Amino acid sequence: MNFRSLITTPDKLCGTVADALLVVVATDPDRQALDASLQAVLSEAINSGDLALKAGRTLYVHRPVGMKAARLVFSVAADDGAKAFKVALVAGLAQLKSLGVKHLAVAASAALEEAHAEALVAAVTDAVYVYRHTKPSAAAAPVLDRVTLLTDKASAQAVQRGLKRGEAITAGVTLARECANRPANHYTPSNLAAEAKRLGKAYGFKVEVLDRKDCEKLGMGSFLAVAQGSDEPLKFIVMRHEGAAKASPPVVLVGKGITFDTGGISIKPAGDMDEMKFDMGGAASVLGTFRALGELRPKLNVIGIIPSCENMPSGRAVKPGDVVTSMSGQTIEVLNTDAEGRLILCDALTYAERFKPAVVVDVATLTGACVIALGHHRSGLFSADDALAEALLAAGGAALDPAWRMPLDDEYEEALKSNFADMGNVGGRAGGAITAAMFLKKFTAKFRWAHLDIAGTAWKSGAAKGATGRPVGLLTHFILARAR
Ligand code: BES
Ligand code: MN
Ligand code: ZN
């Protein structure tokens, strides 16, 4: 996809050369920045009752009179912000979906900022993504391959920056979606490791992949306990973007890489278990973020850590009540083998200590409880560090990839007490997303830390089942803001 910006003025819109012109209009009839021909079409549509100036409404016009473009779509935005712009674009793009539009031009009545341009790239890239790896017969992708964002002179530079940033982020989002969408028999820990190596080659990241023996030497008893039930070899992936001096403390991203979560001996019910192929969504988002970093090359150090294995029941699998010793030395009673994410993350967090991180952010499809708490719109954010939490929330807002802060009071720790180990790996059902975060917190004493529970946001269920690529946008914005 080729994204461009073009400086123009409202009076020239009718002369726009493209296969379709998508105009995002305001709800206020007096605030449309259109030329006379377009204004005539809009006024007539409003007067005839074909288009109400209400957010979400769209109108398709074929061969509009007085215009160069053969197709015109009006889409009404709730306000002038980037979020409303994106919502309107998604609705407008849906109107054009099965048409032969190769070159799309987009105009808006709102003043464009960087975020609008970024939102355009996200909306278009999402509209044309088709999963084909195991379904080559999938419907042909839209023929759309060129998008021009029309802007006034004042916004041109910001629009240009937004397009560039948007292209880098969406390349990461698309990579994350593709990795996560692939079924577990097509995407194992070894495939994740190979993907990391590929990125390393393409963008100059150092990539190291530890195997079982290495993890044994490091004393990762908790990670190893989860991996031991599967015949698929575990991988512990470490990748580095070196954008600043060696001594500059890195941002460390840790992604949960369970390529399939059966629950283990505490096996999950059969319904919807297929969706546990998405349980490496955290890992996919770390890879996707590195893909974006590869393009944007921010001047700071970033390390990605991905502990990856399957969670399977077998004659060798870890059993409820087993006590394992984590890399930190703390012992853990595995009360539920389905709470495996925290068991692999805790050793990855301890491993992160060696990098003397500026901050550590882990990303995990960690708990069903987080889905109950926040649904599918906002990711759960946990951090005892107010400044770090604020920065991550702000990054989520800027990227239209929002999170919501959840509590971490000491009182929640009570639930993890065990008579047989330093801690159990589960609390009760109540506050399950929080007790999971409290478990992780026990391994983060040596650095500033935040945790993102993306169980509700990493993929969609139902007819549109598929990975979202979240929170690549949030993570990339967070890193870019730190590099400024
Ligand atoms: N990968 C799951 C979390 C999950 C479940 C994400 C459903 C999205 C939808 C995780 O490993 C898990 O099984 N968590 C358990 C924890 C429980 C045993 C304390 C859960 O949420 O049920
Ligand atoms: Mn599980
Ligand atoms: Zn899991």
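I take a residue as buried when its relative accessible area is under 20%. The model I examined is a predicted one.

**Entry 1**

I looked up Phe223 and found 0% relative accessibility, so it counts as buried. I then checked Phe236, which also counts as buried because its relative accessibility is 0%.

**Entry 2: aromatic pairs**

I found seven aromatic pairs in the structure. For Phe205 and Phe290, I noted ring centres 5.1 Å apart and planes at 85°, so I recorded this pair as edge-to-face. I located Phe205 in the loop between helix H5 (189-203) and strand S7 (206-210), and Phe290 in helix H8 (residues 281-296). The two residues are 85 residues apart, and their pair links distant parts of the chain. I recorded both Phe205 and Phe290 as buried.

I next examined Phe223 and Phe236, whose ring centres are 6.0 Å apart with planes at 55°, so the pair is tilted. Phe223 belongs to helix H7 (residues 221-227) and Phe236 to strand S8 (residues 235-242), so the pair ties together parts 13 residues apart in sequence. I also noted that Phe223 and Phe236 form one aromatic cluster with Tyr351 and Phe355.

**Entry 3: the zinc site**

Which residues coordinate the zinc ion (ligand 3)? I found Lys256 (NZ), Asp261 (OD), Asp279 (OD) and Glu340 (OE), at 2.0 to 2.4 Å. The site has six donor atoms, with angles of 79 to 174° among them, and is octahedral. I wrote the sequence spacing of the donor residues as K-x4-D-x17-D-x60-E. I also looked up the manganese ion (ligand 2): it is 3.2 Å from the zinc ion (ligand 3), and Asp261 coordinates both.

I placed Lys256 in the loop between strand S9 (251-255) and strand S10 (257-261), and Glu340 in the loop between strand S13 (331-333) and helix H9 (341-352), so this pair ties together parts that are 84 residues apart in sequence. I recorded Lys256 and Glu340 as buried.

**Entry 4: ligand 1**

I found 16 residues around ligand 1, of which Asp261, Lys268, Asp338, Glu340 and Gly368 come nearest. I then looked up individual contacts. A side-chain N or O atom of Asp279 is 2.9 Å from a nitrogen atom of ligand 1. For Leu366, I noted a backbone N or O atom 3.4 Å from a nitrogen atom of ligand 1. A polar backbone atom of Gly368 is 2.7 Å from an oxygen atom of ligand 1. Finally, I recorded that ligand 1 on its own has 510 Å² of accessible area, of which the protein covers 78%.

Methods: Residues are numbered from 1 along each chain as its sequence is written. Chains are lettered from A and ligands numbered from 1 in the order in which they are written. This is a predicted model: local features need pLDDT of at least 70, side-chain atom pairs count only at pLDDT 80 or more; totals for chains, interfaces and linings use all residues. Side-chain values use heavy atoms; hydrogens and water are left out. Donors are N, O and S atoms within 2.8 Å of the metal (3.2 Å for Na, K and Ca); water is not among the atoms, so sites may look incomplete. Four donors count as tetrahedral if all angles lie between 85 and 135 degrees; four count as square planar and six as octahedral if opposite donors are over 155 degrees apart and all others between 65 and 115; anything else is irregular. Helices (H or I, at least four residues) and strands (E, at least two) are DSSP runs, numbered from the N terminus. Buried means under 20% relative accessible area, exposed over 50%, partly exposed in between (1.4 Å probe, protein chains only). A residue is near a molecule or strand if one of its heavy atoms lies within 4 Å of it. A polar contact is a pair of N or O atoms within 3.5 Å; within protein, one must be able to donate a hydrogen and the other to accept it, and residues adjacent in sequence count only if both atoms are side-chain atoms. Accessible areas come from the Shrake-Rupley method with a 1.4 Å probe; for residues, only the protein chains shown count as cover. Rings of Phe, Tyr and Trp (its six-membered ring) pair if their centres lie within 6.5 Å; planes under 30 degrees apart count as stacked, over 60 as edge-to-face and the rest as tilted.
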